[in-house]
Amino acid sequence: MKMHGSKALGENQKLSKIGDWTDPSLTIDFEARFDDKSGHRCHQSVERSESDHEGRRRLADKVKRRLAQNREAARKSRLRKKAYVQQLESSRLKLAQLERDLDRAKQQGLYTGSTLNSNLAFDGTVNSRITAFELEYAHWLEEQQRQICILQNALKANISDAELQILVDGVLNHCYNLFHMKANVAKVDVFYLMSGSWRTSVERLFLWIGGFRPSELLNVVVPLLDPLTDQQKADINKLRRSSQQAEDALSEGLEKLHQALAQIVCADGLHGEVHSSLIASAIEKLEALEGFVNQADHLREHAIQLMCRILTPRQAARGLLALGEYFKRLRALSFLWAARPRDPT
């Protein structure tokens with residue numbers, strides 16, 4: 001019995017010693033490390049989940065942007081197509097209107113003489129670009145008359161100078177459009193432009209290199225603009241002199257071109273066939289005519305611009321009205337001349 005108690009006491013002492021090795025801090029540290037590892041794995045799992053979600057969100061945003069871009073491109077394409085169709089329809093309607101205007105102008109005697117014949121090439125075909133220019137010019141005349149009427153009513157209404165200047169600029173831009181139209185047709189047939197076939201018979205009487213002389217128009221308009229200040233009179237006289245000098249220079253250059261062309265044509269004594277080198281030289285001289293027409297139109301445009309800068313808006317409006325009335329009377333005189341009674345014999 002005593003031995004049995006001693007044995008039990010020894011086992012208790014062993015357990016006590018084992019208990020001494022089980023330090024609570026070690027247990028806590030182990031648990032903490034386990035918790036850290038478990039938390040780290042959870043944190044990594046959360047990060048991967050968030051990263052995957054961010055990637056899917058970016059991909060979705062990219063797809064949305066691409067779809068939006070495609071929709072916008074399709075919308076712009078539809079708008080361009082719609083605008084193109086509208087432009088074609090507008091051009092068709094404009095061409096039909098111009099054809100009606102030309103028919104009406106022919107009936108009134110606007111296009112008489114050789115105008116229609118001038119559109120024919122040597123093979124009898126119609127030059128479509130010249131025909132288009134004549135249609136466009138008929139429309140230009142109507143638009144000019146409309147703007148002149150608006151300007152006239154504005155002067156009667158005594159509107160402000162700022163409002164009047166806007167109308168003046170509109171009439172000037174309309175005049176500049178004609179110069180642009182002429183430059184385009186000069187590339188097609190400069191002889192047609194210089195002959196004045198697109199103008200009425202009386203207008204052709206005053207023709208100078210495909211248009212009017214700037215100095216002559218100043219002589220027509222300026223007397224109707226009184227009262228002018230001394231400075232305005234001096235500036236207009238200076239403009240008139242410079243215009244005359246430029247006109248003389250162009251006329252002299254054109255005369256020299258005529259002489260050079262005549263010498264080339266007669267270089268072989270008018271015997272036998274014309275040498276190809278002479279033909280090439282003559283063609284080169286004729287091509288210079290386009291430059292003369294463009295320079296003359298530039299001089300006309302420059303003279304109108306400077307005249308309107310010298311004048312006040314009200315004076316400029318009166319001057320443009322005078323120009324419009326001047327050409328209107330020339331055209332009316334052409335109509336009367338064409339419709340005059342003629343001796344049948």
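The protein chain holds 10 helices and zero strands, where helices (H or I, at least four residues) and strands (E, at least two) are DSSP runs numbered from the N terminus. This is a predicted model, in which local features need pLDDT of at least 70 and side-chain atom pairs count only at pLDDT 80 or more, while totals for chains, interfaces and linings use all residues. Residues are numbered from 1 along each chain as its sequence is written, and side-chain values use heavy atoms, with hydrogens and water left out.

Student: What percentage of the residues in the protein chain is buried?

Tutor: Buried means under 20% relative accessible area, exposed over 50%, and partly exposed in between (1.4 Å probe, protein chains only). The protein chain has 345 residues, and the buried share of them is 28%.

Student: How many residues are in the second, separate core?

Tutor: In soluble globular proteins, nonpolar side chains tend to be buried together. Here a second, separate core includes Leu141, Met181, Tyr192 and Val293, and its size is 23 residues.

Student: Which residues does leucine 311 contact, leaving aside its neighbours within four places in sequence?

Tutor: Leucine 311 is one of the residues that touch the most other members of the largest core. Contact means heavy atoms within 4.5 Å. With those neighbours left aside, the partners of leucine 311 are Leu225, Leu228, Gln232, Ile236 and Ala316.

Student: Are helix 7 and helix 10 roughly parallel or roughly perpendicular to each other?

Tutor: Axes are lines fitted to C-alpha atoms, for helices over the stretch in contact, and angles run from 0 to 180 degrees between N-to-C directions. Helix 7 and helix 10 pack at about 110 degrees, with their axes 10 Å apart. Angles under 35 degrees count as roughly parallel, over 145 as roughly antiparallel, 65 to 115 as roughly perpendicular and the rest as oblique. Helix 7 and helix 10 are therefore roughly perpendicular.

Student: How many charged residues are in the contact of helix 7 with helix 10?

Tutor: From helix 7, Leu217, Val220 and Val221 meet Gly319, Ala322, Leu323, Tyr326 and Phe327 of helix 10. Ala, Val, Leu, Ile, Met, Phe, Trp, Tyr, Cys and Pro count as nonpolar, Asp, Glu, Lys and Arg as charged, and the others, Gly among them, as polar. The contact divides into seven nonpolar residues, one polar and, for charged, none.

Student: How far apart in space are leucine 254 and leucine 289, C-alpha to C-alpha?

Tutor: Leucine 254 is found in helix 8 and counts as buried because its relative accessibility is 11%. Leucine 254 and leucine 289 are 35 residues apart in sequence, and their C-alpha distance is 8.0 Å.

Student: Is isoleucine 209 buried or exposed?

Tutor: Isoleucine 209 lies in the loop between helix 6 (201-205) and helix 7, and its phi is positive, near 50 degrees. Most residues other than glycine have a negative phi, and most peptide bonds are trans. With a relative accessible area of 7%, isoleucine 209 is buried.

Student: Is asparagine 158 buried or exposed?

Tutor: Asparagine 158 is found in the loop between helix 3 and helix 4. Although not a glycine, asparagine 158 has a positive phi of about 55 degrees. At 57% relative accessibility, asparagine 158 counts as exposed.

Student: Is the peptide bond from aspartate 226 to proline 227 cis or trans?

Tutor: Proline 227 sits in the loop between helix 7 and helix 8. The bond from aspartate 226 to proline 227 has omega near 5 degrees and is cis.

Key. Core = buried A, V, L, I, M, F, W, Y, C linked by side-chain atoms within 4.5 Å.
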